[in-house]
Amino acid sequence: LTIFPFETEFLLQHQVPAHYVGHPLAFDMPLEPDREGAREALRLDADTPVLALLPGSRGVEVSRIAGPFLETALALKQQISDLQVVVPLANQKTRTLFEAQLGQTAPGLNPVIALDQTRAALAAADVVLVASGTATLEGLLSKRPMVVGYRANGATYAIVQMLGLVKVKHVAMANLLADERLAPELIQDECRVEKLLPPLLGFFQDAGLRDRIAQRYTQIHRQLRTDTNRAAAEAVVDLLRARGLV
């Protein structure tokens, strides 16, 4: 049972029986995010620009990524003076790590920090700065333009590069699903303010580009949006019937 269309195609090419059932997040998340309601819930101003900053869901990610993300948010605020920053974090542990980095790197930023409210933060945002991972899929389903940054363990990254283990065209799931790099990817040494800031600023300054990306993400959302639980159950029952087991 596959949740992404490209998985089904790949498995069938290798003679592995596969059935596409759609992604449960696509079924759960609305096709039209409620920006106004999300901003109200997070106590954000309804009419000023919002950046959602997602530095990862694990402590090790936050420790590596929060610094350059915060530096970038602070630099962006110097360009957009009324910018609001919202940071959804997974739990109290990641909040503690993030706030320590905030005090060192960007004490004047004053972001809104919200625990376990990723979807609300994405719905409230105009643009998203996000660590590579499942959150890029949530960003796509929220129809928000993204810049993706990530820093892995240095030794691990060096080995992966040296052995050529990465075979995909894109790192972010949003780009893999779109089959184009709608979300710029700044990985490892490129995950720094000088590289992250320009595409973020470009998104804020180009409403037409934001709309075009939202339209493409909506197309993908519709493709992924099935009643996943029902589709999975029906596929299992059909298989059992074909084998004479029910």
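Helices, as the term is used in this tour, are DSSP runs of H or I with at least four residues, numbered from the N terminus. The model on display is a predicted one.

**The whole chain**

Begin with the entire protein chain selected. Its secondary structure amounts to 12 helices and 6 strands. The radius of gyration is 19 Å, close to the 18 Å that the globule rule gives for 246 residues, so the chain is as compact as a globular protein of that length. Along the principal axes, the C-alpha trace spans about 65 × 45 × 35 Å. Colouring by accessibility will bring out the buried residues, which make up 45% of the 246 residues.

**Helix H1 and Leu 11**

Next, select helix H1, residues 5–13, where Leu 11 has its place. The relative accessibility of Leu 11 is 26%; because buried requires under 20% and exposed over 50%, Leu 11 counts as partly exposed. Display the surroundings of Leu 11: setting aside neighbours within four places in sequence, its contacts are Thr 2, Val 16 and Ala 18.

Move on to helix H7, residues 134–141. Here 7 of the 8 residues are buried, so H7 is largely enclosed by the rest of the structure. To view the buried residues of H7, select Ala 135, Thr 136, Leu 137, Glu 138, Gly 139, Leu 140 and Leu 141.

Finally, select helix H4, residues 59–79, together with helix H10, residues 193–205. The axes of H4 and H10 come within 9 Å and cross at roughly 45°. The two helices are therefore oblique to each other, and H4 passes H10 in a right-handed crossing.

Show the side chains where the pair meets. On the H4 side, the residues are Pro 68, Phe 69, Glu 71, Thr 72, Ala 75, Leu 76 and Gln 79. On the H10 side, they are Val 193, Leu 196, Leu 197, Leu 200, Leu 201 and Phe 204. Coloured by residue class, the contact of H4 with H10 divides into 10 nonpolar, 2 polar and 1 charged. As background to the spacing along such a helix face, an α-helix has 3.6 residues a turn, so residues three or four places apart point the same way.

Conventions. Residues numbered from 1 in each chain as written. Predicted model: local features only at pLDDT ≥ 70, side-chain atom pairs only at ≥ 80, totals over all residues. Heavy atoms only, no water. Axes fitted to C-alpha atoms, helices over the stretch in contact; angles between N-to-C directions. Parallel < 35°, antiparallel > 145°, perpendicular 65-115°, else oblique. Left-handed = near helix turned anticlockwise from the far one by under 90°. Contact = heavy atoms within 4.5 Å. Nonpolar A, V, L, I, M, F, W, Y, C, P; charged D, E, K, R; others polar. Buried < 20%, exposed > 50% of the residue type's maximum accessible area, 1.4 Å probe, protein only. Rg over C-alpha atoms; globule rule 2.2 N^0.38 Å.
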